[in-house]
Structures are given as structure tokens and as C-alpha cells.
Amino acid sequence: LPSDATNKSVIWSVTNQTGTATITQAGLLTATSAGTVNVVATAQDGSGVSGSKQLTITEPEVLVTQITVTSAGGLTEIETGETLQFSVQVLPSDATNKSVTWSVTNQTGTATITQAGLLTATSAGRVNVVATAQDGSGVSDNKQLTIVEPEVLVTQITVTSAGGATEIEKGETLQFSVQVLPENASVKNIN
């Protein structure tokens, strides 16, 4: 201004503050590091008049390209009622947002999982543990887990003989039997 100024040409410059940039004399700015810069246009007519605009330069968002889900100890099977900690490796290492959302797809079994990756097995069968990137990239990974009923150990064996016999003669046979408790023992076989 004014609109009828004799020489409207300007000299472009950048005052680097916390960031850096360069600018051509056509006014095309190239951002070179994050932070703030001040873009200045100074009249070429010797008037000393200038105008400026503060600009903030941000780092470009680096999206997640790969997620790898792992379980503590590499376990692929746990018992109902047990918990298992899951974790992820997110790539690239300089991804802007490495956060993931945890979920469980119940198949023949059921489980729940916290957003810290701690799974609790609730019923026997298979479940699929899923970690999905929160940065909008759509990248996810999953791990199959088998949940089994806990082993119920034998607590008591009662041995009985046919007819309650406690004595037999040489050369005779006597049938013995057992009662194994508890009734729901996982393995009731005996020697």
C-alpha cells in the first residue's frame, strides 16, 4: 500500500527464531527445522517499510508401518482365570504416535484385555489378541492364544477289595478297585 505506489517490489527474508527456513525472492518458503520463524517483506523503494508474518513449522507426522504383538515369555497357552501381559513393538522407531488400542476377538474361548495389554482368560478355547495403531494408519497385528481349563489334581485315592476281603489263600485272585477324588480330577488314571 498504497495501491498506486511507484515501486511495489519487495525483498523477502526470514528471521529464524526457534525454527529455520529459507525463502526465495519469489516468496516461496522452504521449512528446514521445526519451531517458529518470522517471514519479512521489505519494500525496495527505499522507504524502509516492511511487513512480517510469524510462521510455526512442525515436524511431519510419521505414521506407524508395522506392529508386532508378543506375550510375556512367548506363551501361547494359559489357563482360565490366569492373566498374561502382552506388549508391542511399533515401527518405525520415530513414529509420531506409538500408542495402540488393545482388543480381543473371542473365538471358541473368551478373555478380556486392558488398554495396558493385560489379558485375563475367562473361558477355555481360542482367542485372538489384537493391537491397532491409534495414528489412523490402520496398521495392526494379532496373536492367537489358547485358553485351557486348569488341571485338577487328585487329592485322595481309596482302595477297596471285592467283598471287602482282607485275606485270601495262596493261588487265589482278588479284584481291587479305587475311588479317585475329586470327581473332576483332570487325570484319574492310576498305577
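Predicted model: local features only at pLDDT ≥ 70, side-chain atom pairs only at ≥ 80, totals over all residues.

Student: Where is Thr80 placed?

Tutor: Thr80 sits in the loop between strand S7 (77-79) and S8.

Student: And is Thr80 buried or exposed?

Tutor: Thr80 counts as buried because its relative accessibility is 17%, and the cut-off for buried is under 20%.

Student: Which residues does Thr80 touch, leaving out those up to four places away in sequence?

Tutor: Among them are Ala121, Thr122, Ser123 and Ala124. Thr80 also touches Ile147, Val148, Glu149 and Pro150.

Student: OK, new topic. Which strands form the open sheet, and in what order?

Tutor: Four strands form it, in the order S6-S8-S11-S10, with antiparallel pairing. S6 and S10 are the edge strands, each pairing on one side only. From one strand to the next, the twist averages 30°.

Student: What holds strands of a sheet together in general?

Tutor: They pair through backbone hydrogen bonds, either parallel or antiparallel.

Student: How many bridges join S6 to S8?

Tutor: Six bridges join these antiparallel strands. To find one on your screen, look for Ser71, whose bridge partner in S8 is Phe86.

Student: What about the largest nonpolar core, how many residues does it have?

Tutor: It has 22 residues. Phe86 turns up again here, as one of those with the most contacts inside the core, and Val64, Ile67 and Trp102 are also among them.

Student: Which elements give two or more residues to this core?

Tutor: They include strand S6 (66-71), strand S8 (83-91), strand S11 (118-123) and strand S12 (125-133). S12 gives the most, with four residues.

Student: You mentioned Val64. What does Val64 touch, not counting residues up to four places away in sequence?

Tutor: Its contacts include Val90, Leu91, Pro92 and Ala95, as well as Ala133 and Val139.

Student: Last one: where does Ser161 lie?

Tutor: Ser161 is in strand S14 (residues 156-161). Ser161 is buried, with a relative accessible area of 14%.

Student: What lies 2.4 Å from a polar atom of the Ser161 side chain?

Tutor: That's the backbone oxygen of Ala165. Not counting residues up to four places away in sequence, Ser161 touches Leu174, Gln175 and Phe176.

Student: Great, thanks!

Note on methods:
Residues numbered from 1 in each chain as written. Heavy atoms only, no water. Core = buried A, V, L, I, M, F, W, Y, C linked by side-chain atoms within 4.5 Å. Buried < 20%, exposed > 50% of the residue type's maximum accessible area, 1.4 Å probe, protein only. Contact = heavy atoms within 4.5 Å. Pairing = 2+ DSSP bridges. Axes fitted to C-alpha atoms, helices over the stretch in contact; angles between N-to-C directions. Polar contact = N/O pair within 3.5 Å; in protein donor to acceptor, adjacent residues only side chain to side chain.
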